[in-house]
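Thank you all for coming; I would like to take you through one structure this morning, going from its sheet to its aromatic residues and then to a few local details of the backbone. Please have the sequence and the model open while I talk.

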Amino acid sequence: MIKASTVTAVVLIACFTPFVSAGLVFSWQDCGTSANHVQVLGMTYFPENPQLGDNVTFVTNFTSNKVYTAGSTTIKAGGGIIDKTFDTCEGAVITAPLNMAKIVFPPAGCPVETGVQNNTHYSWLSKHAPTSPQTATLTSVDQDGQPGFCISILTKFV
């Protein structure tokens, strides 16, 4: 005979396991056009096998054909939960409602010269974050209002 407490424990484990052990996999896409002055060449992240609750470092490799002396960056993520614009040169800390996520964009160090460069930002997702695939899109405009970069980052949970 199975005890009620055993059944309760099994149900609780089954319900909460996806939230506790969800691994994260990120993929990216340059969503810009030929009009963009910045082309994204690649993105890496570490730790290599992040879990919910880990601090994740993203390094984006890009090339710019214009000196970037000022501008703004917009991030849209979580199906509209995050929709923020900030000064690219000053950076920002973006916190999702209910502390489900935090993204840190360090100052860009303007002016950003032409050529191949790297940019680093940091992200954290709560252990209680929803585990459905999520897309974050970051776009920027430069000091002249012209398109800088566009990158779309897909987060999947495994």
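Predicted model: local features only at pLDDT ≥ 70, side-chain atom pairs only at ≥ 80, totals over all residues.

In what order do the five strands of the open sheet lie? The order is 2-3-8-7-6, and the pairing is antiparallel. The edges are formed by strand 2, residues 38-46, and strand 6, residues 92-95, each of which pairs on one side only. From one strand to the next, the twist averages 20 degrees.

If we now walk across the sheet, strand 3 and strand 8 run antiparallel and are joined by ten bridges, and within that pairing asparagine 55 has tryptophan 124 in strand 8 as its bridge partner. Strand 8 is also joined to strand 7, again in antiparallel fashion, by four bridges, with alanine 101 paired to leucine 125 in strand 8.

Now to the aromatic residues. How many aromatic pairs are counted in the model? The count comes to four, and I will describe two of them. In one, phenylalanine 26 and phenylalanine 58 have ring centres 4.9 Å apart with their planes at 80 degrees, and since an angle over 60 degrees counts as edge-to-face, that is how this pair is classed. The two residues belong to distant parts of the chain, with phenylalanine 26 in strand 1, residues 24-30, and phenylalanine 58 in strand 3, 32 residues apart. Both phenylalanine 26 and phenylalanine 58 are buried.

Phenylalanine 58 also pairs with tyrosine 45, and here the geometry is tilted, with 6.1 Å from centre to centre and 45 degrees between the planes. This pair too links distant parts of the chain, tyrosine 45 being in strand 2 and phenylalanine 58 in strand 3, 13 residues apart, and both tyrosine 45 and phenylalanine 58 are buried. Taken together, the ring pairs link Phe26, Tyr45 and Phe58 into a cluster.

Which residues touch the most other members of the largest nonpolar core? That core has 31 residues, and the ones in question are Phe26, Ile75 and Ile94. As general background, nonpolar side chains tend to be buried together in soluble globular proteins. Isoleucine 75, leaving aside its neighbours within four places in sequence, is in contact with Ile82, Asp83, Lys84, Ile94, Ile103, Phe105, Thr137 and Leu138.

Is serine 140 buried or exposed? Its relative accessibility is 4%, and because buried means under 20%, serine 140 counts as buried. Its side chain makes a polar contact of 3.0 Å with the side chain of tyrosine 68, and it also reaches the backbone nitrogen of phenylalanine 149 at 2.9 Å. Not counting residues up to four places away in sequence, serine 140 touches Tyr68, Ser72, Thr73, Gln146, Pro147, Gly148 and Phe149.

The peptide bond from phenylalanine 46 to proline 47 is cis, with omega near 10 degrees, and proline 47 is placed in the loop between strand 2 and strand 3. Another cis peptide bond joins cysteine 110 and proline 111, with omega about 5 degrees, and proline 111 lies in the loop between strand 7 and strand 8.

In the loop between strand 6 and strand 7 we find leucine 98 and asparagine 99. Leucine 98 has a positive phi, near 60 degrees, and asparagine 99 likewise has a positive phi, near 55 degrees. Leucine 98 counts as exposed, because its relative accessibility is 76% and the cut-off is over 50%.

I will stop there, and I am happy to take questions.

How values were computed:
Residues numbered from 1 in each chain as written. Heavy atoms only, no water. Pairing = 2+ DSSP bridges. Axes fitted to C-alpha atoms, helices over the stretch in contact; angles between N-to-C directions. Buried < 20%, exposed > 50% of the residue type's maximum accessible area, 1.4 Å probe, protein only. Polar contact = N/O pair within 3.5 Å; in protein donor to acceptor, adjacent residues only side chain to side chain. Contact = heavy atoms within 4.5 Å. Phe/Tyr/Trp six-rings, centres within 6.5 Å; stacked < 30°, edge-to-face > 60°. Core = buried A, V, L, I, M, F, W, Y, C linked by side-chain atoms within 4.5 Å.
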